[in-house]
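Hello,

Here is the structure I promised to pass on. Please take a look, then read my notes below.

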Amino acid sequence: MSRFLTALFGIGLTLVLGILYPTLKLNAHPISQSVSTPIAQSPSAITPTAKSSDLEIEGTNVHYLRDMDLLVFEQTVIGTAGGTVPQPKGGTDGAPVLAYVFPTTLEAEDVGFSSTEGIVALAATSHPDFDDTPLWDENNNLNYTDDGVVYHSHWVVLTEDDRVPGGLSVKQFSPTDSNIVMPPTHPDMPMYFDSPGFPVMLNGNTLKILVPASRIASKTDFKFDGVAAYLQVNATNNALPMLGVYQVYSVNSGDLSLPYNVQPQ
């Protein structure tokens with residue numbers, strides 16, 4: 001764990017998305033009708049979403065509500081929580097992702113993955129070019145494939161990755177590896193990535209994700225931090241991760257030391 005925390009120092013976290021290379025089947029749906037021409041991406045060609053007060057975290061908490069056996073993951077920002085969303089790219093390759101991330105000391109098995117090293121993180125993400133939550137209809141319009149831009153929840157496992165400026169990417173695995181176990185809500189992609197459907201609530205400067213304790217092996221005593229970051233999808237360059245962190249806007253602790261504890265109520 002310590003070497004991953006070292007990698008996280010001063011850079012930030014990565015998050016989740018359902019995208020595969022073109023040769024792989026993925027349960028993610030493009031939202032835009034136009035498809036961008038594939039490009040050979042490189043980190044120097046990335047243009048992150050502009051920094052704003054909406055992405056400046058000033059507080060991070062996790063409260064455990066005993067009477068409801070519910071964990072409330074909360075971030076407050078200087079601006080409006082969720083007030084900034086990425087501009088669409090027009091296709092999945094190079095698609096931008098904004099994320100409010102809670103890196104934790106939870107184990108991969110606690111959230112339904114098979115055992116693996118890395119940082120287990122809960123994230124609320126927005127990405128207008130595709131929808132990677134096929135079981136959930138976040139904008140409540142009876143269309144399950146058009147709401148990627150709406151901030152929604154993901155579990156990911158982050159791993160050290162020096163191929164991207166943020167130093168982290170969502171951990172990948174071979175799709176032929178029969179030893180890998182994913183939750184039933186995993187959207188059929190070779191990454192430690194899940195779409196659990198936890199509600200994301202946005203109210204003024206506050207973002208909350210509601211997580212039943214039973215969905216994390218009833219763990220209510222863990223440490224965490226808060227990060228806002230820009231990620232980008234790669235579907236054409238095998239030398240880069242499918243989903244990597246390219247810019248970190250803010251880190252609540254200042255050093256990603258995961259210093260905060262769950263507060264029972």
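Is E74 buried or exposed? E74 is buried, because its relative accessible area is 14% and the cut-off for buried is under 20%. Keep in mind that this is a predicted model.

Where E74 sits: this residue belongs to strand β3, which covers residues 70-77. Leave out the neighbours within four places in sequence, and E74 still has contacts. They are G59, T60 and N61, then F102, and also T206, L207 and K208.

Next, D188. This residue is in a loop, with β8 (168-170) on one side and β9 (193-194) on the other. D188 is partly exposed, because its relative accessible area of 39% falls between the 20% and 50% cut-offs. I also looked at D188 together with P175. In sequence, 13 residues separate D188 and P175. In space, their C-alpha atoms are 9.2 Å apart.

Now the whole chain. The protein chain has 16 strands and one helix. It has 265 residues, and 55% of them count as buried. The accessible surface of the protein chain is about 10,800 Å². Carbon and sulfur atoms hold 51% of that surface.

One last point, on contacts.

Over to you.

Best wishes

Notes:
Residues numbered from 1 in each chain as written. Predicted model: local features only at pLDDT ≥ 70, side-chain atom pairs only at ≥ 80, totals over all residues. Heavy atoms only, no water. Helix = DSSP H or I, 4+ residues; strand = E, 2+ residues; numbered from the N terminus. Buried < 20%, exposed > 50% of the residue type's maximum accessible area, 1.4 Å probe, protein only. Areas by Shrake-Rupley, 256 points an atom, 1.4 Å probe, with all protein chains shown as cover. Contact = heavy atoms within 4.5 Å.
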